[in-house]
Amino acid sequence: MRVLLIGANGYIGRFVADRLLADPAVQLTALGRGDDADVRFDLATGSPGALTRFLDAVHPQVVVNCAGATRGGARELTRHNTVAVATVCEALRRSGCGARLVQIGCGAEYGPSQPGSSTAEDAVPRPGGPYGVSKLAATELVLGSGLDAVVLRVFSPAGPGTPAGSPLGRLAEAMRRAMQSGDGELKLGGLGAQRDFVDVRDVARAVHAASLSAAQGVINIGSGRAVRLRDAAAILARVAGYGGALHELDGPPGAHLRPPIGHPRVDSDHAAPVAYPYPDGCGSWQQADVRTARDRLGWRPRINLEESLADIWMEAACRI
């Protein structure tokens, strides 16, 4: 099976590449902006015609798109998450390769949900920020393209390679600094949000399964269980062997203007850092209904959050 992987150097893309390369039946070609890509191409600025010519030459049977941006202003997010997907869809329509498209979506497309509920694929998306809007627009482009396509809505990925700027990445870095300096207490803000964390290696397994399946439409990829960030912090402390006290900081409205999780200690004469909203625009709660992934892909998450956090900690602890 010839697979074209777009975004192989990204957080999810690296693990998808590893998973696909481990399948002897897969012939993988990586397309991206980096020098180590098999083919250099920038989806945000490249034309559909140029991509079509490459598709006709390689003739992939599956195209997996893991490319995108999670940070930046609305214009940048739209360019990398929406315009780029429009380029992929148009190139596939023009090409004679007839490839199946596996698009990586995001749970942020749904926006806030009712605490205690599980969000299924038929929920009406109401993204709460520009990132979710840009990803939802990409999903709509894929679904309306007429292509053989599936969108995997990945909730909160975790595990090795977790970006240092993500909530779990910042949490691990704050704990590393506290242990390095011998702090007996760690002040943390923004721990009230509950999210559905899914290991990035399980996400890669889902992408592999989707590539081989005939499933179309939207499929949620998550653990099916919401975890409060303060509980994740407690697990991380246990994994790291941090014996200090974890103090959660709360603040009044407007506290989100203060620094986020884990800060250097401040003098008592200065205001302490306080909580700020979880940055994905999904409010206080998000939990995936993952029955469709089980029924249509034969997929279930295998790696628990403690193992994911242990891998995050291992990488954080190795930083100088």
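**An aromatic pair and a helix crossing**

Tyrosine 110 is buried, at a relative accessible area of 3% (buried means under 20% with a 1.4 Å probe, protein chains only). The model is predicted, so local features need pLDDT of at least 70 and side-chain atom pairs count only at pLDDT 80 or more, while totals for chains, interfaces and linings use all residues. Residues are numbered from 1 along each chain as its sequence is written, and side-chain values use heavy atoms, without hydrogens and water.

The structure holds one aromatic pair. Tyrosine 110 and phenylalanine 155 form this pair, with 6.0 Å from centre to centre and 35 degrees between the planes. The partners are 45 residues apart: tyrosine 110 is in the loop between β5 (100-106) and α4 (130-143), phenylalanine 155 in the loop between β6 (149-154) and β7 (156-158). Helices (H or I, at least four residues) and strands (E, at least two) are DSSP runs numbered from the N terminus. Phenylalanine 155 is also buried, at 4% relative accessibility. Arginine 153 lies over the face of tyrosine 110, 4.6 Å from the ring centre (the cut-offs for Arg CZ are 6 Å from the centre and 35 degrees from the ring normal).

Elsewhere, the axes of helix α1 (residues 11-21) and helix α6 (residues 200-212) come within 8 Å and cross at roughly 60 degrees, the axes being lines fitted to C-alpha atoms over the stretch in contact, with angles from 0 to 180 degrees between N-to-C directions. The two helices are therefore oblique, the class left after under 35 degrees (roughly parallel), over 145 (roughly antiparallel) and 65 to 115 (roughly perpendicular). Residues in contact (heavy atoms within 4.5 Å) include Phe15 and Leu20 in α1, and Val203 and Val207 in α6.

Key. Phe/Tyr/Trp six-rings, centres within 6.5 Å; stacked < 30°, edge-to-face > 60°. Buried < 20%, exposed > 50% of the residue type's maximum accessible area, 1.4 Å probe, protein only.
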